[in-house]
Amino acid sequence: MTSPLTPPPPPHRRPSQASRPGEAAQPQQPPQPVPGAQPAHGQAWQMPAAGAGATGTAYGQDGPGMKTEVREASVITVAVALGGVLLGLLWLWLAPRVPLVGDVTGNSWVVYLKDSEGEQAIGVDGTFTLLALAFGVLSAVAVFLLRRRGGVPLVVALGVGGLLGSLLAWRLGVWLGPQQDVIAHAKAVGKGATFSAPLKLGAKGALLAWPVAALVVHLGITALFGPRDPEPYGESPAA
């Protein structure tokens, strides 16, 4: 007689691991990585390093923290605004004078323009506007050379500092300029004598020349010469 054939072991089980009669089959555990061992190339349990992005490249913090940027922006605002002192002195020095003449009518003094068709008043506004534009360009270039990067706090500092500087220059020029009381000034110099009118900014829109010029110039030089964002890892420029 021939003995019955022994059935082969079940799949995915080794003969030595065959369960005894009545025992439940134990599920196999996946292999665990050994501490300190280098995983083989392509193993599924290999994870990217901590802090890595989706491409596996770790990126550091982009630029200084917000507190540092706000602190630097505050310093820039004060420094740019103090430049208004120089602007006011230059405006007082370079602006044309508007000639006035005092006369007596009855028992009262009157003051009128010596040259009714003169353009000195327009020249006063134009001088302030041109100087403010120049200060806007200089402040934008100086801030870029110091920081060499953009940022919302920096842009706000340039705009606010430029506006404060324009206001300071305007009030300083008026304060240091000719006397504001033209009647008293006419009485002091005498009837028929020519004297200069108070320094006056007729076009108040000139106060925006500095901040607008600073913002536009800083945006332009930052776009041309500022730092570039790194290209995504693994992407190559199109041929």
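This is a predicted model: local features need pLDDT of at least 70, side-chain atom pairs count only at pLDDT 80 or more; totals for chains, interfaces and linings use all residues.
1. Gly102 is found in strand β1, where strands (E, at least two residues) and helices (H or I, at least four) are DSSP runs numbered from the N terminus. At 1% relative accessibility, Gly102 counts as buried; the term means under 20% relative accessible area, while exposed means over 50% and partly exposed lies in between (1.4 Å probe, protein chains only).

2. Residues are numbered from 1 along each chain as its sequence is written, and side-chain values use heavy atoms, with hydrogens and water left out.

3. As to the overall make-up, the protein has five helices and three strands. Read from the N terminus on, the order of the elements is α-β-β-α-α-α-β-α. Of the 239 residues in the protein, 28% are buried.

4. A search of the whole structure finds one salt bridge, defined as a side-chain nitrogen of Lys or Arg within 4 Å of a carboxyl oxygen of Asp or Glu. The partners are Lys191 and Asp103, whose closest N and O atoms are 3.7 Å apart. Lys191 lies in the loop between α4 (182-189) and β3 (194-196) and Asp103 in strand β1 (residues 99-105), so the pair ties together parts that are 88 residues apart in sequence. Lys191 counts as exposed, at 59% relative accessibility, whereas Asp103 counts as partly exposed, at 22%. In general, side chains of opposite charge can pair when their charged atoms come close.

5. The structure holds one cavity of 30 Å³ or more. On a 1 Å grid over the protein atoms alone, a cavity is a set of points where a 1.4 Å probe fits but cannot get out, and a pocket is an open set with protein on both sides within 12 Å along at least five of seven lines; lining residues have an atom within 4 Å of a point. Grid points are joined across faces, edges and corners, and a volume is the space filled by probe spheres set on the points. The largest cavity has a volume of about 40 Å³. Its lining consists of Pro96, Arg97, Val98, Val124, Pro178, Ala197, Pro198, Leu199 and Lys200. By class, seven of the lining residues of the largest cavity are nonpolar, none is polar and two are charged. The classes are set as follows: Ala, Val, Leu, Ile, Met, Phe, Trp, Tyr, Cys and Pro count as nonpolar, Asp, Glu, Lys and Arg as charged, and the others, Gly among them, as polar.

6. The largest pocket has a volume of about 240 Å³. It is lined by 15 residues, of which Val98, Leu113, Gln120, Ala121 and Ala197 are the closest to its centre. Helix α2 (residues 120-147) gives the most to this lining, with four residues. The lining of the largest pocket divides into seven nonpolar, four polar and four charged residues.

7. Ala197 also has a C-alpha to C-alpha distance of 9.3 Å to Asp181, the two being 16 residues apart in sequence. Asp181 lies in the loop between α3 and α4 and is partly exposed, with a relative accessible area of 43%.

8. The elements that give two or more residues to the nonpolar patch are α3 (152-176) and α5 (209-225), and α3 gives the most, with six. Val212, in helix α5, is partly exposed, with a relative accessible area of 47%.

9. Two further pairs involve helix residues. Leu94 is found in helix α1 (residues 66-94) and counts as partly exposed at 44% relative accessibility; Leu94 and Thr127 are 33 residues apart in sequence and 7.1 Å apart in space, C-alpha to C-alpha. Ala142 has its place in helix α2 and is partly exposed, with a relative accessible area of 39%. Between Ala142 and His218 the C-alpha to C-alpha distance is 9.4 Å, and they are 76 residues apart in sequence.
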